[in-house]
Amino acid sequence: MSILIDPYEEAKKQLRSTIELLGLGEEAYEALAVPERLVQVKLAVRMDDGTVKTFIGWRSQHNSALGPYKGGIRYHPDVTANEVVALSMWMTWKCSLAGLPYGGGKGGVRVDPKKLSAGELERLSRAYFAAISDIVGEDLDIPAPDVYTNPQVMAWYLDEYSKIKRGFYFGVVTGKPVELGGLMARVYSTGLGTAITAAEAARRVLGGIEGRTVAVQGFGNVGYYAALFLEEMGARVVAVSDSKGGIFNPNGFHVQDVIDFKNKTGTVVGYPKAEKVISNEELLELKVDVLVPSAIENVITEKNARNIKAKVIAEGANGPTTVEAEKMLTEMGVVIVPDILANAGGVIMSHIEWVNNRMGGWVTEEEARKKLEERIMNSFNNVWKFWESKLDKQKHNLRAAAYAVAVDRVVRAMKLKGLL
Ligand code: NAD
């Protein structure tokens, strides 16, 4: 997260404007602005050289009106308690919007995992999960991977929890390896959801996705699957990038070929069939129909918003567009599929995994994918309908509608429970 922008302050601003839009009172804002629980843990980890190092971690449980808390765990040297709280609030809205029976949670450990050996990473992961083991559970709080955590880390969490609780609780984490109850489809689920929502927005704004040009920033888990599925749907992927830079070809790339190149060399830069190398900044301003920022936050700002030529932006990443930039883009008539809708495919697939684990059942990849596709289209339609029927489209982008639908569902659940 940018050090200049406090994500919790941003999250509260978004909540404030949604509360106003829905005509709710100050008590609703106060009930939702603060997490239900924020736990800080201190972890003592034995390093390979024999010394013991101290790390700090958090788990924020923002809201449980709709069900157990759900959200990933991030390992990053810059993680703060405020960032974790903001991310947990965004998870509340994302789960609500997707119609899942989950509340929002998020965890973080302040660590640079690239500096740890595999053994140190395992000991840190086990220590963290042991420290939060009393506040997580299959029916209580269900973590998952986030930045710099992966299925292997989930396997350590699951094993640590099973030892402490003396039993098998496969549903305590999602995003697990397939051998431990994870789903094959999880790896591409976020990118698939991003592609589906981008294509649907393109259909409504531009008349279709076939033959439309697409630029994808970030060629990681979300970005490359989004590019792959958009290509499959008939779009022309003319630009992709990673942290080292981007590549452009007006005729479009064969996405799988670019992936193979990146897997070999570590970057898309140097791909021989590119017409030219471009910067990440240039990629955002290309003359394309659809832009899919799938790397990091705050890349579309008031500085470059006016130069953006795409008519549709689908936010694969969390928070790529600043509030100021969104105001400008809305005036320019650009439709933004917001992160809580565009990247919800991951948490939807997590729910399918969790249900499968709880039933002790099995689900085929096709079944899981079909459920995801239906669910995300349903969310998209609800948001679009709200936007068209209830909001002034010159003033509010799709994000306002997504937040309104999401917050309204949580508020109604809280009222039913007597919490508001
Ligand atoms: P990843 O680490 O797999 O990929 C990130 C990509 O972005 C890499 O290609 C990296 O080189 C590139 N990148 C990093 N810094 C960059 C920069 N400054 N400019 C351009 N490219 C840069 O991560 P991911 O899982 O694909 O996540 C990407 C975003 O999507 C994050 O915001 C994440 O929170 C969000 N997200 C991911 C998931 C998921 O299931 N993976 C779900 C929801 C949201």
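This is a predicted model: local features need pLDDT of at least 70, side-chain atom pairs count only at pLDDT 80 or more; totals for chains, interfaces and linings use all residues.
Local features are reported where pLDDT is at least 70, side-chain atom pairs count only at pLDDT 80 or more, and totals for chains, interfaces and linings use all residues. Residues are numbered from 1 along each chain as its sequence is written, and side-chain values use heavy atoms, with hydrogens and water left out.

The shell around the ligand holds 19 residues, of which Thr 190, Asn 221, Val 222, Ser 243 and Asn 318 come nearest; a residue is placed in this shell if one of its heavy atoms lies within 4 Å of the ligand. By class, the shell comprises five nonpolar, ten polar and four charged residues, where Ala, Val, Leu, Ile, Met, Phe, Trp, Tyr, Cys and Pro count as nonpolar, Asp, Glu, Lys and Arg as charged, and the others, Gly among them, as polar. A ligand oxygen lies 3.2 Å from a backbone N or O atom of Gly 220, and a polar backbone atom of Asn 221 is 2.9 Å from an oxygen of the ligand. The side chain of Asn 318 contributes an N or O atom at 3.0 Å from a ligand oxygen. Of the 830 Å² of accessible area that the ligand has on its own, the protein covers 72% (Shrake-Rupley method, 1.4 Å probe).

Asn 318 is also linked to Asn 343, as their side chains make a polar contact of 3.0 Å. A polar atom of the Asn 343 side chain lies 3.4 Å from the backbone oxygen of Ala 317. Asn 343 has 6% relative accessibility and therefore counts as buried (under 20% relative accessible area, 1.4 Å probe, protein chains only).

Elsewhere, seven of the eight residues of strand 3 (residues 69-76) are buried, so that this strand is largely enclosed by the rest of the structure; strands are DSSP runs of E with at least two residues, and helices are runs of H or I with at least four, numbered from the N terminus. Strand 3 runs parallel to strand 4 (residues 103-110), to which six bridges join it, and Arg 74 has Gly 108 as its bridge partner in strand 4. Five bridges join strand 3 to strand 5 (residues 141-145), also in parallel, with Ile 73 opposite Pro 145; strands pair if DSSP finds at least two bridges between them.

Terms used
A polar contact is a pair of N or O atoms within 3.5 Å; within protein, one must be able to donate a hydrogen and the other to accept it, and residues adjacent in sequence count only if both atoms are side-chain atoms. Buried means under 20% relative accessible area, exposed over 50%, partly exposed in between (1.4 Å probe, protein chains only).
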